[in-house]
Amino acid sequence: VSEEERRVMCLNGRLNEALHDKDETERSMGFLESRNKELLEALSSALKEVDKRNQLLVEAQKKAEQASEDAKFALERAERHKMEAEEAKVNSCSSLGAIEEAARSREAVEREEARRLELISHVSKLEETIRD
C-alpha cells in the first residue's frame, strides 16, 4: 500500500467518522428541537395558567375592595342609626319627663278640684248652719 493510498484511506476514515458525527449531531439536534418544542409548549401552558390565576386574583381583589367599601357604608349607616336611636332615647326621656310632669299637673288639678269641692261642701254646710 502506497503512501498515497494510506493517506486516502486515512482521509476516508476521517470522512466516515465526520459523517457519523454529523449524523449523531443531527439526531441530537432533532431530539433537542423536539424537547425544546415540548418545553416551550409547557412554558406557554404555565404562563396561560399564571395569567388565569392573576386574573382571578385581580377579580378577587376587586370583590374584596367592593366588600370593604360596602362594609364601610354599612358601618357608617349603623353609626347613623345608633346616633338616631340615642337621639330618640333622649327625646323619649324628654317625652317621658313631659308625661310625668303632665301627670303631676293633672294630680295637682285633681287635688285642687277635690279641695274646691270640699270647700263648696263646707260653704254649703255653713250656709245651712247660718240659715238654721
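Trainee: What should I know about the model before reading it?

Mentor: The model is predicted, so local features need pLDDT of at least 70 and side-chain atom pairs count only at pLDDT 80 or more, while totals for chains, interfaces and linings use all residues. Residues are numbered from 1 along each chain as its sequence is written, and side-chain values use heavy atoms, with hydrogens and water left out.

Trainee: How many salt bridges does a search of the whole structure find?

Mentor: General idea: side chains of opposite charge can pair when their charged atoms come close. The cut-off is a side-chain nitrogen of Lys or Arg within 4 Å of a carboxyl oxygen of Asp or Glu. The search finds 12. One of them joins Arg 6 and Glu 3, at 2.7 Å from N to O. Another joins Arg 27 and Glu 24, with the closest N and O atoms 2.5 Å apart.

Trainee: How far apart are Arg 6 and Glu 3 in helix 1?

Mentor: Helices are DSSP runs (H or I, at least four residues), numbered from the N terminus. Arg 6 and Glu 3 are 3 residues apart, so about one helical turn separates them. Arg 27 and Glu 24 are also 3 residues apart in helix 1, again about one turn.

Trainee: Which residues join Glu 49 in one network?

Mentor: Start with the pair Glu 49 and Lys 52, whose closest N and O atoms are 3.9 Å apart. They sit 3 residues apart in helix 1, about one helical turn. Salt bridges that share partners link Glu 49, Lys 52 and Arg 53 into one network.

Trainee: Is Lys 52 buried or partly exposed?

Mentor: Buried means under 20% relative accessible area, exposed over 50%, and partly exposed in between (1.4 Å probe, protein chains only). Lys 52 is partly exposed at 49%. Glu 49 is partly exposed at 32%.

Trainee: Which residues make the nonpolar surface patch?

Mentor: Patch residues have over 30% relative accessible area and no salt bridge; like charges are joined within 9 Å, nonpolar side chains (Val, Leu, Ile, Met, Phe, Trp, Tyr) within 5 Å. Areas use the Shrake-Rupley method with a 1.4 Å probe; for residues, only the protein chains shown count as cover. Leu 40, Leu 43 and Leu 47 make a patch of about 290 Å². Leu 47 lies in helix 1, residues 3–131.

Trainee: How many disulfides are found?

Mentor: A disulfide is a pair of cysteine sulfur atoms within 2.5 Å. The whole-structure search finds 0. Cys 10 is partly exposed at 38%, and Cys 93 at 49%.

Terms used
Helix = DSSP H or I, 4+ residues; strand = E, 2+ residues; numbered from the N terminus.
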